[in-house]
Amino acid sequence: MKQEFTLEIHSDNNFSVLNRIVNILNRRRVRIKKLIAHEDESDFKRGVAVVLLFTTADMMEKVKHQLEKLIEVENAVYYEGSSEYCELSSKHSEV
Amino acid sequence: MDALLTKTKPAIESNKDSNQPKLKISGSEVLLRSLVEEGVDKIFGYPGGAIMPVYDALYHYVDKLNHILVRHEQGAIHAAQGYARVTGRPGVVFATSGPGATNLVTGLADALIDSTPVVCITGQVFAHLLGTDAFQETDVVNTTIPVTKWNIQVTEAKDIADAVAKAFYIACSGRPGPVLVDITKNAQNEMIEEAEYHRCEGIRTYRPKPVMQQSQVDAAAALINEAKRPYILAGQDILLSGATKELKEFSEKTGIPVACTLLGLGSFPTDHPNYVGFLGMHGNYGPNLNTNECDVLIGIGMRFDDRVTGNVSKYARQARVIHIEIDKAEIHKIIKAEVAVHADAKEALQALIKKCKPNQHKEWIDRFTKLNDLEYEKVTTKEFNPSGVLTMAEVVHHISNFTNGEAVVVTDVGQHQMTTSRYYKFKNPRTCVTSGGAGTMGFALPAAMGAKLGVPEKEVIAVIGDGGYQMTVQELGTIMQYKIPVKIVVLNNNFLGMVRQWQQLFHGKRYSCTEMQNPDFVKIAEAYSIPARKVENREDLQGAIKEMLAAKTPYFLEAVVGKEDNVFPMVPAGQGVADVLLEAPKAGQ
């Protein structure tokens with residue numbers, strides 16, 4: 001059953017990283033409901049993307065591992081629901 | 001195989017006196033020096049406007065870097081793949097911007113899915129022209145994101161060496177794959193102080209080799225030790241991790257039968273008593289049927305591709321699955337494993353050899369033998385002893401016998417590929433080179449060329465269908481120019497045979513756009529100064545193959561085979577592995 005997941009991805013802040021991330025989600029036809037991406041304020045060489053997705057738990061787990069295969073991605077963690085997205089996105093928009 | 005360029009010394013010698021100001025060298029020379037430092041000795045490429053500074057610098061490096069001028073960039077990357085597959089070293093490609101780079105896309109996709117280390121260097125327009133739709137400007141980085149393990153655009157000469165170092169590290173480590181470095185022309189031209197080259201030894205965010213968990217090995221060993229009908233599916237990571245010795249030792253200690261995937265062929269000797277056959281849609285009868293009879297299924301360095309599993313809902317439902325795999329994203333992707341060992345195949349097998357008890361499974365192996373005997377009786381005997389026109393099977397069978405299963409055999413995609421995989425008796429690692437996951441027609445001729453340049457001491461034979469041959473036939477020019485003594489066998493049925501087979505079996509014999517009117521292949525080969533022969537009669541076949549193998553030059557052999565021959569066994573699309581057919585279903589079935 002599909003549901004909302006909040007996906008938080010920590011990566012290097014290189015050109016094309018966001019494209020790589022979105023490409024994996026698109027290829028799996030995972031619906032992106034919201035997305036926020038930004039540089040790490042303390043280190044511009046790093047970045048974070050927070051994505052609100054609508055998909056199944058099984059797909060979420062598979063996509064996580066595919067994202068972590070990307071050379072520049074340090075890790076990808078996800079949480080059920082949108083509350084984490086709201087919290088993370090408001091935290092980042094304060095930055 | 002001689003490079004035709006005049007060999008000269010490098011234009012600039014390194015300055016050994018540290019008190020003197022450092023010499024300045026161009027970004028192009030930084031690139032070439034970096035390649036030399038990485039141990040590169042061959043480059044497959046095609047020049048053009050945006051990579052001309054690199055080719056200009058290359059003029060002075062011909063004693064270190066042997067550049068093979070192909071006839072199309074797709075030929076370059078397939079040649080690099082063939083080189084990489086037989087040597088284990090990365091293949092290197094040069095191409096220019098725009099169409100030069102986009103012509104690499106098919107090869108990149110092929111190399112990515114088949115885990116082949118390839119480093120592509122593409123020229124790009126000047127940095128100030130990026131995004132302006134300049135002549136031969138294509139957004140190569142974004143175009144190739146889905147088909148590369150990693151890629152990068154470099155716009156300043158100072159970043160070239162680091163990008164190349166990372167490229168080689170990423171291409172060759174973990175699960176290997178293709179990378180692309182796109183270098184703008186200004187970066188190629190820019191003069192910078194020469195600097196010492198440092199090979200990449202790690203990337204903060206990239207963990208190529210997993211730390212194997214002993215608990216996973218223990219759980220796998222426990223399942224294996226209890227198993228009554230265990231069964232190993234050997235994939236390409238056996239070859240990539242250099243684990244052929246370990247696989248043999250593991251199988252012999254535990255008595256477990258081994259079947260190979262398409263890319264796993266060569267990982268286990270086909271003449272070993274524990275070898276039970278080739279897996280997949282056109283694999284052997286026993287290995288397919290017994291997938292649904294085993295109690296423990298051990299997938300090693302393979303990804304449960306849909307050509308192996310058929311309908312997943314009917315695949316090995318009774319079995320407890322152990323999946324040994326270096327790429328975490330492959331674990332549980334298609335088949336849910338009861339025990340997953342996230343490790344490279346060699347390390348995992350070494351650990352399992354210690355943990356698993358000695359055992360024998362003779363009765364279980366006999367069940368494979370009986371099924372394979374049935375296949376031999378119903379399929380193979382007819383293919384080896386036909387009454388009419390030549391069959392693909394008998395051609396491959398003779399080649400296998402005459403080379404004692406020890407040649408490097410490169411195949412294209414289609415019926416001839418499946419026939420070769422079934423009947424060529426591969427004995428050694430890195431001798432089967434084929435396009436597996438992508439199924440790229442046109443792969444074989446350039447890949448065979450690259451393979452021969454990689455292992456010149458070995459016999460390299462390309463087995464190709466008439467359709468795929470014509471997709472990259474222009475590489476005969478490269479073979480001619482560099483005198484690459486590759487042997488080319490075209491199995492000509494004047495059809496796109498595999499598509500025609502499906503049309504016959506599943507589309508009411510409606511042969512829609514699959515029959516081909518072919519040119520005189522012998523004349524084409526001869527036009528490229530390649531000795532050539534056409535065989536239509538059985539009495540000429542063995543002599544022609546012997547003549548081909550005796551040739552010290554490139555050689556072309558066309559074998560005219562049955563127009564409507566089919567490849568069996570076959571697991572029909574959408575069916576389970578236990579639904580494997582030995583012959584075409586009767587009308588109404």
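Among contacts in chain B between residues at least 6 apart in sequence, what percentage join residues at least 24 apart? The figure is 78%, where two residues are in contact if their C-beta atoms, placed from the backbone, lie within 7 Å. The model is a predicted one, so local features need pLDDT of at least 70, side-chain atom pairs count only at pLDDT 80 or more, and totals for chains, interfaces and linings use all residues. Residues are numbered from 1 along each chain as its sequence is written, while chains are lettered from A and ligands numbered from 1 in the order in which they are written.

Chain B, to start with, holds 23 helices and 20 strands. Helices (H or I, at least four residues) and strands (E, at least two) are DSSP runs here, numbered from the N terminus. The radius of gyration of chain B comes to 25 Å, close to the 25 Å that the globule rule gives for 589 residues, so chain B is as compact as a globular protein of that length. That radius is taken over C-alpha atoms, and the globule rule is 2.2 Å times the number of residues to the power 0.38. Along its principal axes, the C-alpha trace of chain B spans about 75 × 60 × 45 Å. Of the 589 residues in chain B, 54% are buried. A residue counts as buried if 20 or more other C-beta atoms lie within 10 Å of its own, as exposed if 12 or fewer do, and as partly exposed in between, with C-beta atoms placed from the backbone.

The largest one has 206 residues, and Val93(B), Ala462(B) and Val489(B) have the most contacts inside it. Helix 7 (residues 160–172) of chain B gives the most to this core, with nine residues. Leaving out residues up to four places away in sequence, Val93(B) touches, among others, Phe44(B), Ile77(B), Leu104(B) and Val118(B).

Helix 5 (residues 105–113) of chain B has several buried residues, including Thr106(B), Leu108(B) and Leu112(B). The cover over the buried residues of helix 5 includes helix 3 (73–87), strand 5 (118–124), helix 6 (140–144) and strand 7 (178–184) of chain B. After helix 5 of chain B comes Ser115(B), with a positive phi near 55°.

Elsewhere in chain B, Cys294(B) sits in the loop between helix 12 (285–291) and strand 12 (296–300). Cys294(B) is buried, with 24 other C-beta atoms within 10 Å. Not counting residues up to four places away in sequence, Cys294(B) touches Arg229(B), Pro230(B), Tyr231(B) and Ala319(B).

Chain A has three helices and four strands, running β-α-β-β-α-β-α from the N terminus on. Its radius of gyration is 12 Å, close to the 12 Å that the globule rule gives for 95 residues, so chain A is as compact as a globular protein of that length. Buried residues make up 31% of the 95 residues in chain A. Strand 1 of chain A pairs in the antiparallel sense with strand 3 (residues 43–55) over 10 bridges and with strand 4 over seven bridges; two strands pair if DSSP finds at least two bridges between them. His10(A) has Val48(A) of strand 3 as its bridge partner, and Ile9(A) has Ala76(A) of strand 4.

As for the interface, 16 residues of chain A are in contact with 13 residues of chain B. Strand 1 (3–12), helix 1 (17–27), helix 2 (57–69) and strand 4 (73–80) of chain A each give two or more residues to the side that touches chain B. That side of chain A divides into three nonpolar, six polar and seven charged residues.

Note on methods. Ala, Val, Leu, Ile, Met, Phe, Trp, Tyr, Cys and Pro count as nonpolar, Asp, Glu, Lys and Arg as charged, and the others, Gly among them, as polar. A nonpolar core is a set of buried Ala, Val, Leu, Ile, Met, Phe, Trp, Tyr and Cys residues joined through C-beta atoms within 7 Å.
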